[in-house]
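Q: Could we go through a few local features of this structure together? Please start with the terms.

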Amino acid sequence: MESIPLYVQSLILVTLLALSGFFSMAETSMMAANRYRLRSAASLGSRGARLALALLDQTDKLLGIILLCNNLVNAAAATLVSVITIQLFGNEEWVLGVSTLGVTFLILVFSEITPKVIGANHANRLACVVSYPLTGLLKGLYFIVWFVNLFVAGLLGLLRLRDAGAGSQDLSTEELRTMVLESGAFIPPKHRSILVNLFELEDITVEDVMTPRHQIEAVDISEPMEVIRGHLATCYHTRLPVFDGEMNAVIGILHVRRLLGQSFENRLSVADIRELLARPYFIPASTPVYSQLQFFQENRERLGLVVDEYGELLGLVTLEDIIEELIGKFTTSAPDASERLRWGEDGSVIADGSQHLRALNRKLGLNLPVDGPKTLNGLVLEHLQDIPESGLSVRIAGVPIEVVQAEDRRIKTVRIFRPQNGK
């Protein structure tokens, strides 16, 4: 080494530090790269992305080749600094100590921290670039890496640590949901809302999205024919449950459009209505919404009556109700009180006691519990364990709620105040 000019040795030292920086950057960029983005790039024809994915599928060999080369380069750089120091200042111990500190500083700044910061900030782009030289080095030094990994595998076996395999890269539903929520400008807000709602379909039941029993638009066939005609002429829906005297006694589903021809040809009668009734389709209240969507598809149904474990009618759910859970309310829907929910200037809003908690949370940005009662009335009654009088106030999940009107053993109207930490 003494025969090599000092400036050549200095150039070699700079080259070694640069190589060390390259391997540090390569290690960080490969480990921090998003595999899903690499797969997307590979599907679009990027050869660098394909090579990067192939290297990431054999992590032990990837780390082996990077660390092998990095440690060799660092050791060579430290040795060369010692040689240069001895040539310049002699073989004094304190001089060698200072040179060791100096080379450590150079490696930290120029070969470790700075390259790794760069690699972390531009991981996906750099991974496609560094995969080319890393693949070549792995092929050339494969036997050495394989031999070293034999000892690594033995040590992992003694520690009972095994490779988790490709399954360790699978994302859970919550992780996917977080990715969608943090997608920012990549996914439009409306599309992001639909995807988030899709994740929630497995966690909600038809009871969460149904129209409650007292809000069902239905026909009582025991009423006078003139009353029935008036009801049919002003109804909002094309399919109506028909019952005989009592809501639990549903005898069928009437498609209102089928009555048009009948009403034009002759005078409509109860017998005519009975002939046009379709068989009612009953759904247990605990049925998951996602499963019900499949049932509607398989059975070619659009409407079902929700019943509890005792067969009592709880409400009605339609295919549109489930779709609206995904994409929001249709403009052609019947008037819905939830559409009018807006915070007033005083930071409060008047809401009907029959309002669904999920709709309230969505419209007002609240976090009222939805794992128990489904309506605002049920939530307040469960919290108080009593039927309150008008003017009573409670705080549930940090939300102040005032009972404005209570009647017939239920809460009809409440005033909700915006939480102090609300936006």
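A: Helices (H or I, at least four residues) and strands (E, at least two) are DSSP runs, numbered from the N terminus. This is a predicted model, in which local features need pLDDT of at least 70, side-chain atom pairs count only at pLDDT 80 or more, and totals for chains, interfaces and linings use all residues. Residues are numbered from 1 along each chain as its sequence is written, and side-chain values use heavy atoms, with hydrogens and water left out.

Q: What follows H17, and is its phi positive or negative?
A: Gln-385 follows H17, and its phi is positive, near 60°.

Q: Which residues of H17 are buried?
A: Helix H17 spans residues 376–384, and Leu-376, Asn-377, Gly-378, Leu-379 and Val-380 are buried there (under 20% relative accessible area; exposed is over 50%, partly exposed in between, with a 1.4 Å probe and protein chains only).

Q: What covers them?
A: The cover of the buried H17 residues includes helix H16 (357–364) and strands E8 (348–352), E9 (393–396), E10 (399–407) and E11 (410–417), where contact means heavy atoms within 4.5 Å.

Q: Which residues of E9 are on its covered face?
A: Val-394 and Ile-396 are on the covered face of E9, while Ser-393 and Arg-395 are on the uncovered one. In a regular strand, side chains alternate between the two faces of the sheet.

Q: How do E9 and E10 run, and how many bridges join them?
A: E9 and E10 run antiparallel, joined by four bridges; strands pair if DSSP finds at least two bridges between them. Arg-395 stands opposite Pro-400 in E10. The two strands form a hairpin with two residues between them, and Ala-397 in the turn has a positive phi of about 55°.
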